Structures are given as C-alpha cells and as structure tokens.
Amino acid sequence: MGIRKLAVQTDSATAISLIQEDPSSHPHRMLVKSIRRSLSLEWEVTIDHVFREGNFVADFLASRGHALPVGLHVVDVPDPILGYWLYYDTIGVQTPRSIIN
C-alpha cells in the first residue's frame, strides 16, 4: 500500500510488552515474532498505549473484531458510524474510566 509511516494505538499494555520483549515462552510467540518481523521492515512504526475510553475508533473496531474469525481482515468500506467516532477522537471527547481499588 506504500505506507512509510504508521501509528499503532492499542489499549493492551500486555501486547506492547510482548512485542518489545522476548516472547519465547508465550503461547502466541509465533504471532508476536511475525509482528516483530513486520516492524523491522523499511518503514517507521510507532506503537502507543491508549486507554480504551480515549480512542472511540479503536474501541469500536476491537468490539467488532471479536465477532470475526481469526485472521487478517481488510476493511475497504468502513462502517459509517466510524465517522462519528473519528470526529469524537479528533476533538478529544473522553468517557469516564472507573477504577476499583
């Protein structure tokens, strides 16, 4: 697709840790190694942790992804509601986060 710069945001601090560390004993180590190989290609990729409440688009896509079979899914025509979520993300709308001690 010709992408040279990519920003990845995830609400999974565990996933970021796995990608940054040696996943040799993790059950999904082959997937993590594949991701690490992709990151080493000739492009600039940043991976950042964001809370789910701070990224409506990621939250929406993650929720939809649970209903899909495992594998790569390319979205050629995004769901129209993504326009609303993208707008909310752009203007900085956030939802409260409950923290239970």
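# Getting to know the aromatic patch

User: Which residues make the nonpolar surface patch of about 570 Å²?

Analyst: This is a predicted model, where local features need pLDDT of at least 70, side-chain atom pairs count only at pLDDT 80 or more, and totals for chains, interfaces and linings use all residues. Residues are numbered from 1 along each chain as its sequence is written, and side-chain values use heavy atoms, without hydrogens and water. Patch members have over 30% relative accessible area (Shrake-Rupley method, 1.4 Å probe) and no salt bridge (a Lys or Arg side-chain nitrogen within 4 Å of an Asp or Glu carboxyl oxygen), with nonpolar side chains joined within 5 Å. Here the patch is made by Ile81, Tyr84, Tyr87, Tyr88, Ile91 and Val93.

User: Is valine 93 buried, partly exposed or exposed?

Analyst: Valine 93 lies in the segment after α4 (81-91), a helix being a DSSP run of at least four residues. Buried means under 20% relative accessible area, exposed over 50%, and partly exposed in between. Valine 93 has 32%, so the residue is partly exposed.

User: How are the rings of tyrosine 87 and tyrosine 88 arranged?

Analyst: The structure holds 4 aromatic pairs, meaning Phe, Tyr or Trp (six-membered) rings with centres within 6.5 Å. Planes under 30 degrees apart count as stacked, over 60 as edge-to-face and the rest as tilted. For tyrosine 87 and tyrosine 88, the centres are 6.1 Å apart and the planes are at 50°, so the pair is tilted.

User: Which residues do ring pairs link into a cluster?

Analyst: Tyrosine 88, partly exposed at 31% relative accessibility, is one of them. The cluster consists of Phe56, Trp85, Tyr87 and Tyr88.

Note on methods:
Patch = residues over 30% accessible without salt bridge, like charges linked within 9 Å, V, L, I, M, F, W, Y side chains within 5 Å. Helix = DSSP H or I, 4+ residues; strand = E, 2+ residues; numbered from the N terminus. Buried < 20%, exposed > 50% of the residue type's maximum accessible area, 1.4 Å probe, protein only.
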